[in-house]
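Dear colleague,

Here is the structure I said I would pass on. My notes follow below it.

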Amino acid sequence: GTLYMDDETTFDHENRDDYGVANFSADWGDASIAIQNSVIIGSSDGLTAKARDARMVERIVVMGVPKKPHSIELFVDDASEVAAIEFQYDASSEVLVIRKPEISALDSWTMMISK
């Protein structure tokens with residue numbers, strides 16, 4: 001999916017290219033699921049760190065996961081470390097819920113779900 005973001009009040013998205021576009025995708029493999037977010041920022045001096053902090057991902061829900069994952073790891077493009085992510089899994093509905101992963105929709109990242 002795609003998520004468009006700007007300051008929601010001014011025309012800076014037109015006048016200063018102050019906007020961001022997040023492109024979310026998922027790749028289902030035999031051993032893992034990769035959820036990726038790649039971001040396009042309109043202007044290099046637009047969308048400040050404050051805007052990034054205001055666009056935090058609250059929850060990711062993945063449906064159709066046949067069994068409880070062994071682990072979920074987060075790789076952020078600008079960081080050198082990998083973070084382990086907590087999750088909840090409901091076997092009866094095959095739904096995986098990742099709450100408060102502490103990532104911004106304005107950052108590029110990959111989440112690896114090990115089956």
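**Surface and overall build**

The accessible surface of the chain is about 7200 Å², and 48% of that belongs to carbon and sulfur atoms. Accessible areas come from the Shrake-Rupley method with a 1.4 Å probe, and for residues only the protein chains shown count as cover.

Please keep in mind that this is a predicted model: local features need pLDDT of at least 70, side-chain atom pairs count only at pLDDT 80 or more, and totals for chains, interfaces and linings use all residues. Residues are numbered from 1 along each chain as its sequence is written, and side-chain values use heavy atoms, with hydrogens and water left out.

The chain has 115 residues, of which 35% count as buried (buried is under 20% relative accessible area, exposed over 50%, partly exposed in between, with a 1.4 Å probe and protein chains only). Its C-alpha trace spans about 50 × 30 × 20 Å along the principal axes.

There are two helices and nine strands, in the order β-α-β-β-α-β-β-β-β-β-β from the N terminus. Both kinds of element are DSSP runs numbered from the N terminus: helices are H or I with at least four residues, strands are E with at least two. Among contacts with a separation of 6 or more, 62% are between residues 24 or more positions apart; a contact means heavy atoms within 4.5 Å.

**Charges**

The chain carries 10 positive and 21 negative charges, and their mean positions are 7 Å apart. Lys and Arg count as positive, Asp and Glu as negative, while His and the chain ends are not counted; the place of a charge is NZ of Lys, CZ of Arg, CG of Asp or CD of Glu.

**Aromatic pairs**

The structure holds two aromatic pairs. Rings of Phe, Tyr and Trp (its six-membered ring) pair if their centres lie within 6.5 Å; planes under 30 degrees apart count as stacked, over 60 as edge-to-face and the rest as tilted.

Tyr4 and Tyr19 are stacked, because their ring centres are 6.0 Å apart and their planes stand at 25°. Tyr4 is in strand 1 (residues 2–5) and Tyr19 in the loop between helix 1 (12–15) and strand 2 (20–28), 15 residues apart. Tyr4 is partly exposed at 44% relative accessibility, and Tyr19 is partly exposed at 23%.

Phe24 and Trp109 have ring centres 6.3 Å apart and planes at 55°, so this pair is tilted. Phe24 lies in strand 2 and Trp109 in strand 9 (residues 109–114), so the pair ties together parts 85 residues apart in sequence. Phe24 is partly exposed at 28% relative accessible area, whereas Trp109 is buried at 2%.

Regards
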